[in-house]
Amino acid sequence: MLRLGIPVIGVTDLPRAVTFWTEALDLVAAEEWRSETWRTLHHADGSGRALALMLSDSPPEPRPRLHLDLFTDSAEEQRAEVDRLTALGARPVDWQLYPPRPDFVVLSDPDGNLFCVVDLSNAPSGGGPPS
């Protein structure tokens, strides 16, 4: 039976990416499938795989069709997480496609891969909390 595995992020500096994503999401680098071009990251509580990092020569996409959304429960938590992630090496992105009242902030990881930090109290994007 086919089942969804884990999201994989292409990176140019595997050790730097391992450091960023393990600290950003409280993950641990696993020995599973470890190689010079691959690292699997597990949930720190031991509940299994969460994310994979793969060495890549291709540049990050400026408007990727697939990306990670990281959730927060309030605008205050979103601001705090954006600050924390920026301190870990993420960079704010000058995103031209924000809606009038965005529930998300676009950041890039140290390799330039885009991801969003979403305030669930303001979802769906630009429309306020679901009714």
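**Entry 1: L55**

I looked up L55 first. L55 has a relative accessible area of 36%, so I log this residue as partly exposed. The model is a predicted one. L55 sits in strand β4. I then listed what L55 touches, leaving out residues up to four places away in sequence. The contacts are V11, T12, D13, L14, E36 and T37.

I also checked a pair 21 residues apart along the chain, L55 and E76. Their C-alpha atoms are separated by 34 Å. I then took P15 and E36, which are also 21 residues apart along the chain. Here the C-alpha separation is 9.7 Å. P15 belongs to helix α1. Is P15 buried or exposed? Its relative accessible area is 60%, and the cut-off for exposed is over 50%, so P15 is exposed.

**Entry 2: salt bridges**

How many salt bridges does a search of the whole structure find? I get 6. Side chains of opposite charge can pair when their charged atoms come close. I went through some of the pairs.

I started with E31 and R34. Their side chains form a salt bridge, at 3.1 Å from N to O. E31 is exposed, at 57% relative accessibility. R34 has a relative accessible area of 46% and is partly exposed.

I moved on to helix α2, residues 75-88. E76 and R79 form a salt bridge there, with an N to O distance of 3.7 Å. Why does about one helical turn separate these two? They are 3 residues apart in α2. E76 is exposed, because its relative accessibility is 53% and the cut-off is over 50%.

The closest N and O atoms are 2.8 Å apart. E81 and R84 are 3 residues apart in this helix, about one turn. E81 is partly exposed, with a relative accessible area of 24%. R84 is also partly exposed, at 32%.

I then looked for shared partners.

**Entry 3: the nonpolar cores**

I turned to the largest nonpolar core. This core has 21 residues. Which of them touch the most other members? They are W21, L53, L85 and F115.

I traced the core back to its elements. At least two residues come from each of β1 (8-11), α1 (14-25), β4 (49-55), β5 (68-72), α2 and β8 (114-119). Helix α1 gives the most, with 6 residues.

I went back to W21 for a contact list. Residues up to four places away in sequence are not counted. W21 touches I9, D26, L27, L41, L51, L53, L68, L70, D109 and F115.

**Entry 4: the largest pocket**

I checked the largest pocket next. Its volume is about 510 Å³. The lining has 23 residues. Which of these lie nearest the centre of the pocket? I find V8, I9, G10, L66 and N113.

β1, β4 and β8 are the elements that give two or more residues to the lining. β1 gives the most, with 4 residues.

I sorted the lining by residue class. I count 14 nonpolar, 6 polar and 3 charged.

**Entry 5: positive phi**

Last, I looked at phi for two residues other than glycine. D26 has a positive phi, near 55°. Where does D26 lie? This residue is in the loop between α1 and β2 (27-35). D26 is exposed, with a relative accessible area of 55%. D26 is also among the contacts of W21.

W33 has a positive phi too, near 60°. W33 is placed in strand β2.

Definitions and conventions: Residues numbered from 1 in each chain as written. Predicted model: local features only at pLDDT ≥ 70, side-chain atom pairs only at ≥ 80, totals over all residues. Heavy atoms only, no water. Salt bridge = Lys/Arg side-chain N within 4 Å of Asp/Glu carboxyl O. Buried < 20%, exposed > 50% of the residue type's maximum accessible area, 1.4 Å probe, protein only. Core = buried A, V, L, I, M, F, W, Y, C linked by side-chain atoms within 4.5 Å. Contact = heavy atoms within 4.5 Å. 1 Å grid on protein atoms, 1.4 Å probe; cavity = no way out; pocket = protein on both sides within 12 Å on 5 of 7 lines; lining within 4 Å. Points joined across faces, edges and corners; volume = space filled by probe spheres on them. Nonpolar A, V, L, I, M, F, W, Y, C, P; charged D, E, K, R; others polar.
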